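Reader: Can you walk me through this one? I'd like to start with the strands.

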Amino acid sequence: MKEYLVIGNPITHSLSPELHNYWIKENGINGIYDKKKLNKNDLKEFFLKIRNKEINGANITVPFKKDVIPYLDQLSFESEKTQSVNTVYLKNDKIIGHNTDIDGFELAIKDVNYDVKGKKVLILGAGGVVPSVILALYKMGVLSISISNRTKTKAENLKNLFKDLEVVDWNEISNFDMIINATSIGLKKEDRLNLDFSKFQNCEFFYDVIYNPKETNFIKDGKNLGKKTENGKKMFIYQAAKAFKIWHGIEPKINEQVIGLLDK
Ligand code: ATR
């Protein structure tokens, strides 16, 4: 039986096993997908298991998306560009790191028929998923990306990867076509970003990377302005589907039942 894992810390909240085990069963694959909490100093041993084929593939989540890079033999263009890995597999005895968050974000945005071409986008936050969101936006032809983060140096550091980024102060935030919440504010239902939404009358689209809870205050405030909103659920499903395709060579079905697996 083949074994797949998602590793991170914390990991209990991860819904990746629900999706992958559903698709594994549906496609009659002899395999299992589990979650495992690791510490940074467990990574070496973990990747030995991948090399020995005791583990056949892995997803990597917060906080290890960058930390795993030294243990890999090869990075895909996307992982190299974002310095971020969420999917690992063995090919010709080489451990390859890839990043399916980029496709995940791009497909999710296309799903809601929003065309980012020529748009001014603001990203709030500078954590693990942000380089992937940035690369996807550039691929889709965005006009400009501004970024604001509580710890400004973390936003500035992203300019090492993407030189055209503009870093703005939280209180300078004003005129954008699309605003993306990539902070962890909203994970708790009562969380609210310290932002004056009355400044966002011209913003068309409020996107939250968070999908649980379904409707953060950021999404609610966007809706109250009468604007288009979307949460991170589809992005999460698409990144998982792309990982599944890499490991099993099968494009898994995404239907209402699959989407419902994440309504916990
Ligand atoms: P990591 O930073 O470890 O990759 P993450 O969950 O991907 O973790 O990112 C958390 C994001 O939410 C960060 O941008 C963080 O800002 P800092 O870089 O300043 O830590 C942001 N964030 C978390 N709590 C916040 C708060 N109370 N106010 C503002 N930003 C917050």
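Author: Strand β10 (residues 178-181) pairs with strand β11 (residues 205-208) in the parallel sense, over 4 bridges. Pairing here requires that DSSP finds at least two bridges between the strands. Strands are DSSP runs of E with at least two residues, helices are runs of H or I with at least four residues, and both are numbered from the N terminus.

Reader: What stands opposite Asp208 of β11?

Author: Asn181 does.

Reader: What is the order of the strands in the sheet?

Author: The sheet is open, has 6 strands and runs β9-β8-β7-β10-β11-β12, with parallel pairing. β9 (166-167) and β12 (228-230) are at the edges with a single partner strand each, so one side of each has no neighbour in the sheet.

Reader: What sort of model is it, and what goes into the values?

Author: The model is predicted: local features need pLDDT of at least 70, side-chain atom pairs count only at pLDDT 80 or more, and totals for chains, interfaces and linings use all residues. Residues are numbered from 1 along each chain as its sequence is written, and side-chain values use heavy atoms, with hydrogens and water left out.

Reader: Ligand next. Which residues are around the ligand?

Author: Gly125, Ala126, Gly127, Gly128, Asn149, Arg150, Thr151, Lys154, Thr183, Ser184 and Ile185. A residue counts as near if one of its heavy atoms lies within 4 Å.

Reader: How does that shell split by class?

Author: It has 2 nonpolar, 7 polar and 2 charged residues. Ala, Val, Leu, Ile, Met, Phe, Trp, Tyr, Cys and Pro count as nonpolar, Asp, Glu, Lys and Arg as charged, and the others, Gly among them, as polar.

Reader: Which polar side-chain atoms lie by a ligand oxygen?

Author: One of Thr151 is 2.4 Å from a ligand oxygen atom, and one of Lys154 is 2.8 Å from a ligand oxygen atom. For Ala126, a polar backbone atom is 2.9 Å from an oxygen atom of the ligand.

Reader: How much of the ligand does the protein bury?

Author: The protein buries 66% of the 630 Å² that the ligand exposes when taken alone. Areas are by the Shrake-Rupley method with a 1.4 Å probe.

Reader: Changing topic: which peptide bonds are cis?

Author: Val62 to Pro63 is cis, with omega near 5 degrees, and Pro63 is in the loop between β3 (57-60) and β4 (74-75). Asn212 to Pro213 is also cis, with omega near 5 degrees, and Pro213 is in the loop between β11 and α7 (217-224). Most peptide bonds are trans.

Reader: And what is the phi of Gln83?

Author: Positive, about 50 degrees, although Gln83 is not a glycine. Gln83 lies in the loop between α3 (77-82) and β5 (87-91).

Notes. A polar contact is a pair of N or O atoms within 3.5 Å; within protein, one must be able to donate a hydrogen and the other to accept it, and residues adjacent in sequence count only if both atoms are side-chain atoms.
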